[in-house]
Amino acid sequence: MAVYTHLTKADISEFLAQYDIGVLENSKGIAEGVSNTNYLIETAEAKYILTLFEKRFTLEDLPYFVALMGWWHGCGIVCPQPLPMKDGRVLSALKERPALLVSFLDGEGVTKITLDHIAQLGTLVAKMHVTGMEFPHRRANGLSVTGWEQILDATADRLDEIAPGLRKIISEEYNYLSEHWPQELPSGPVHADLFPDNVFFNKTFGKRPTLSGVIDFYFSCHDFWAYDLAVCVNAWCFDERHRLVPERVQMLMHYYNDQRSMTPEEDAAFPLLLRGAALRFLLTRAQDWLFPEPGAEVTAKDPLEYLAKLQFFQSHTL
């Protein structure tokens with residue numbers, strides 16, 4: 001989440017007039033995240049999240065996201081639900097950008113990862129994969145191999161501004177992964193962005209944190225389930241100094257496999273998928289770092305975090 005498009009109270013009030021949710025009382029831009037503009041909206045009735053879709057998204061993407069959130073919600077995966085307007089539509093536009101208003105989800109993202117968090121994450125991811133098997137829609141992953149090539153082409157001349165030699169490292173890794181990327185693995189809808197700030201937990205003092213839901217489905221797509229799990233390893237299983245924590249990996253894989261056993265083909269491809277997930281976030285973070293949007297309220301993510309993770313997976317196996 002972030003703020004690229006600045007909205008006035010009048011802008012938001014006029015937009016909310018399309019809904020039957022009461023009058024705007026408060027609004028606040030949310031600076032976390034990197035991809036879309038997000039505002040926390042409060043009326044007398046409830047809280048909501050207003051999202052304006054910015055770079056990397058088109059209006060054609062939105063029906064998939066809406067349908068998938070509804071599908072997973074119906075399967076017991078707690079996630080925000082799009083609100084219908086007075087005329088029944090859920091997709092709209094604001095400031096010439098696709099817009100979506102969704103329900104507010106209680107809980108908060110994780111800032112200090114524990115094994116309790118990891119165990120519940122493993123169960124969650126497996127349930128999302130299993131319950132998504134019959135989902136009837138497809139959306140290609142625009143940030144897989146073809147997307148990496150496009151970002152590399154756009155950033156190559158400036159990558160060494162981030163770190164000397166980074167262009168060579170990324171180019172060689174892209175060439176290797178594009179030549180060896182698997183073609184046939186179990187697949188279905190995946191979240192593709194299950195970072196600690198997108199998985200909410202309720203915290204009760206002195207008690208075990210309880211997973212309360214999942215947000216930010218806007219990179220969701222049809223891809224390998226094992227790739228989704230590889231994103232989770234990258235996002236959850238390293239410490240603050242970017243060192244792998246084996247106990248977290250073991251816990252994640254145990255609770256995932258307890259719900260859905262990975263196939264031998266997935267196990268064999270997993271080291272490659274770990275590298276691919278690291279490269280994906282290294283590339284997108286590098287692009288955002290090198291080409292910030294003027295005037296945007298966004299907390300830039302350090303691309304070198306994912307360089308460290310990529311280099312770890314290049315030289316180690318789990």
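**View 1. Glu 96 lies in the loop between strands S4 and S5.** The model shown is predicted; local features need pLDDT of at least 70 and side-chain atom pairs count only at pLDDT 80 or more, whereas totals for chains, interfaces and linings use all residues. Residues are numbered from 1 along each chain as its sequence is written, and side-chain values use heavy atoms, with hydrogens and water left out. Strands (E, at least two residues) and helices (H or I, at least four residues) are DSSP runs numbered from the N terminus. Glu 96 is not a glycine, yet its phi is positive, near 65°. With a relative accessibility of 81%, Glu 96 counts as exposed; the term means over 50% relative accessible area, while buried means under 20% and partly exposed lies in between (1.4 Å probe, protein chains only). Lys 95 is placed in the loop between S4 and S5 as well. Its phi is also positive, about 55°, although Lys 95 is not a glycine. At 40% relative accessibility, Lys 95 counts as partly exposed.

**View 2. Five strands form an open sheet with antiparallel pairing.** The order of the strands is S1-S2-S3-S5-S4. S1 and S4 stand at the edges with a single partner strand each, so one side of each has no neighbour in the sheet. On average, neighbouring strands of this sheet are turned by 35° against each other, direction ignored. Two strands count as paired if DSSP finds at least two bridges between them. Strands of a sheet pair through backbone hydrogen bonds, in either a parallel or an antiparallel manner.

**View 3. Strand S3 pairs with S2 and with S5.** S2 and S3 run antiparallel and are joined by six bridges. These two strands form a hairpin, with three residues between them. Tyr 48 in S3 is the bridge partner of Ile 41, and Thr 51 in S3 is that of Asn 38. Five bridges link S3 to S5, again in the antiparallel sense. Here Leu 52 stands opposite Ala 99 in S5. S3 is mostly covered, with five of its six residues buried.

**View 4. Helix H1 lies across S1, S2, S3, S4 and S5.** H1 runs at about 120° to S1; axes are lines fitted to C-alpha atoms, for helices over the stretch in contact, and angles run from 0 to 180 degrees between N-to-C directions. The helix spans residues 9–16, and its residues Asp 11, Ile 12, Phe 15 and Leu 16 are buried. These residues cover an arc of only 125° around the axis, which puts them on the same side of H1; the arc is that of the directions from the helix axis to the C-beta atoms. Cover for the buried residues of H1 includes strands S1 (24–29), S2 (37–43), S3 (47–52), S4 (92–94) and S5 (97–103); contact means heavy atoms within 4.5 Å. On the face of H1 turned away from its buried side are the exposed residues Lys 9, Ala 10 and Glu 14.

View 5. Buried residues make up 53% of its 318 residues. Among contacts between residues at least 6 apart in sequence, 74% join residues at least 24 apart. Its C-alpha atoms fill a box of roughly 55 × 45 × 40 Å, taken along the principal axes.
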